[in-house]
Amino acid sequence: MPTPKHTSRFILFSLILLFSLSFFSIRVVFSQSTPADEEDGEDMEALEELIALDEEADVEQNPDGVHGETKDKPSGAQVLSKAQRIVLELNSDYAKRVVDENEYVLVLGYAPWCMRSAELMPRFAEAATALKELGSSLLMAKLDAERYPKAASTLGIKGFPTLLLFVNGTSQPYSGGFTSEEIVIWARKRTGSPIIRISSLTEANEFLKKHSTFVVGLFENFEGPDYEEFVKAATSDNEIQFIETSSPEIAKVLFPDARHTYPFLGLTKNEPERYTTYEDTFNVDGILQFLDNNKFPLITVLTEFNSAQVYSSTKKLQVYIFAEADDLKKLTEPLQEVARKFKLKIMLIFVDIKEDNLAKPFLTLFGLEDSEDIVVTAFDYNNSFKYLLESDPTPTKIEEFCLGLFHGTLSPFFKSQPIPDNKDASILTVVGKTFDDLVLRSPKNILLEVHTPWCITCEATTKQMEKLAKHFRGLEDLVFARIDASENEHPKLQVEEYPTLLFYTSKDKQNPIRFSTKSGSKELASLINKHLKNQDDISKDEL
């Protein structure tokens, strides 16, 4: 069976898809188990924080200390008891009944050994607590999908972790962020509460204690065409909490740069460029585009939790800076102004080079997966080209790199191994850097084998090439060559499967003839002779 070709375009889009889906149910993530006592200890600490509000409520309800133990650190049994009140634990007996009999149910499917499940569950529980405080009718539930596989299958849980929203028994995939705040925002918007109305300065100050990123809208009467577009945008957006108020004083608390005119819309976020005012006419597309242009920090630090949002951004020009955490901190301030200059067109992204899951898939595309130095790359997702900054990664050079990306003047990067020594070789080794000279500019006929190390049928084709090279030895106008497509790229080498045999005639190097890799050695030899004869006939005709 032929192996699909991992072209630059294929790898790039596969990479985007992989990261976008890596956190949820499309694939199962196998993690190494941690000792049970360590997991239990971490769970206890996380849950203790999550139930703090419940503890305070208990004290208020029992001012005389009837439940005196709430004043002390809760025991493990108390922590678990509180956790059960936050998130409902499903099992095979009533999982289906719960989702069928409740209007809104958000289900987390998990496995005890899954590291990503362990990371998500505290956030999920914290979101459940927040939603409970807000008076949401949404029921939050979780299911051990490994322990109850039949129930998991019935609900449509296929991997770990999986988040599904059930509306009157029908499931919808989760498409929000992965912090507790993002889960709350997404859940509220999907259950009929896309906007929070703030009517007092006290409410505004309390809101600011819990939220750092939000949209604030100032409307006189909460009606009219502008307000309707605002509501549509709030409903369509999955990630940002929308706030509305009719008071300019309250708007000033939430957004100090707010104008005292109706209507007004601004975006607040927790970064140096904290307040951004919407200057366009009120329509849903304009508001959503404004948010997409401004919702990320000037420089985004890539994490597994925000990767899906980064890759789905409408900014198709993205510059990635790979470095160790300390180096990234040093570069942040000088690159803030660079990022501001290209804010609407280019996304600047920092990646910790020590985070293998995040950095290596990108660096492998450039053959730099083992690099420990600062690496600056860029991607144009409009045409799937990739670029590499090959000079010193100073802020000035990075700005020039961004400028070239913006104007389309950068030369695309194509991976290549070092130029090999082909002296006395019966089959030439071609690399990306020598493809032009050894194949496209060569005056000879070239039979090129395109292979990869992981191709299970390439070995048989390689043996046939060796037989053919020996058979045609001494023929001056015929050259046998091979290229490892996993390590070498060229814009003129577009192969869809491995192995592939391409015959480049001396008269037409732009249209190679594809030979079947299923053919035997004799059949291939006959094909070569046929095309060589055709070349001789063409030469005689030209004379």
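Colleague: By class, how many residues in the lining of the largest cavity are nonpolar, polar and charged?

Modeller: The model is predicted: local features need pLDDT of at least 70, side-chain atom pairs need 80 or more, and totals for chains, interfaces and linings use all residues. Numbering starts from 1 along each chain as its sequence is written, and side-chain values use heavy atoms, without hydrogens or water. Nonpolar covers Ala, Val, Leu, Ile, Met, Phe, Trp, Tyr, Cys and Pro; charged covers Asp, Glu, Lys and Arg; the others, Gly among them, are polar. The lining has seven nonpolar, three polar and five charged residues.

Colleague: What is the volume of the largest cavity?

Modeller: A cavity is a set of points on a 1 Å grid over the protein atoms alone where a 1.4 Å probe fits but cannot get out; lining residues have an atom within 4 Å of a point. Points join across faces, edges and corners, and probe spheres set on them fill the volume. Two cavities of 30 Å³ or more turn up in the whole structure. The largest has a volume of about 100 Å³.

Colleague: Which element gives the most to that lining?

Modeller: Among the 15 lining residues, Phe296, Pro297, Leu298, Lys315 and Lys343 are the closest to the centre of the largest cavity. Helices (H or I, at least four residues) and strands (E, at least two) are DSSP runs numbered from the N terminus. Two elements give two or more residues: α12 (284–294) and β14 (346–352). With three residues, the most comes from β14.

Colleague: Which strands stand at the edges of the five-stranded open sheet?

Modeller: The order is β17-β19-β18-β21-β22, with mixed pairing (at least two DSSP bridges between two strands). Each edge strand has a single partner, so one side of each lacks a neighbour in the sheet. Those strands are β17 (428–430) and β22 (508–515).

Colleague: Why is β21 largely enclosed by the rest of the structure?

Modeller: β21 (residues 500–505) pairs antiparallel with β18 (residues 445–451) over five bridges, and four bridges join β21 to β22, also antiparallel. Thr500, Leu502 and Tyr504 are buried on one side, and Leu501, Phe503 and Thr505 on the other. β21 is largely enclosed because its buried residues number six of the six.

Note on methods. 1 Å grid on protein atoms, 1.4 Å probe; cavity = no way out; pocket = protein on both sides within 12 Å on 5 of 7 lines; lining within 4 Å. Buried < 20%, exposed > 50% of the residue type's maximum accessible area, 1.4 Å probe, protein only.
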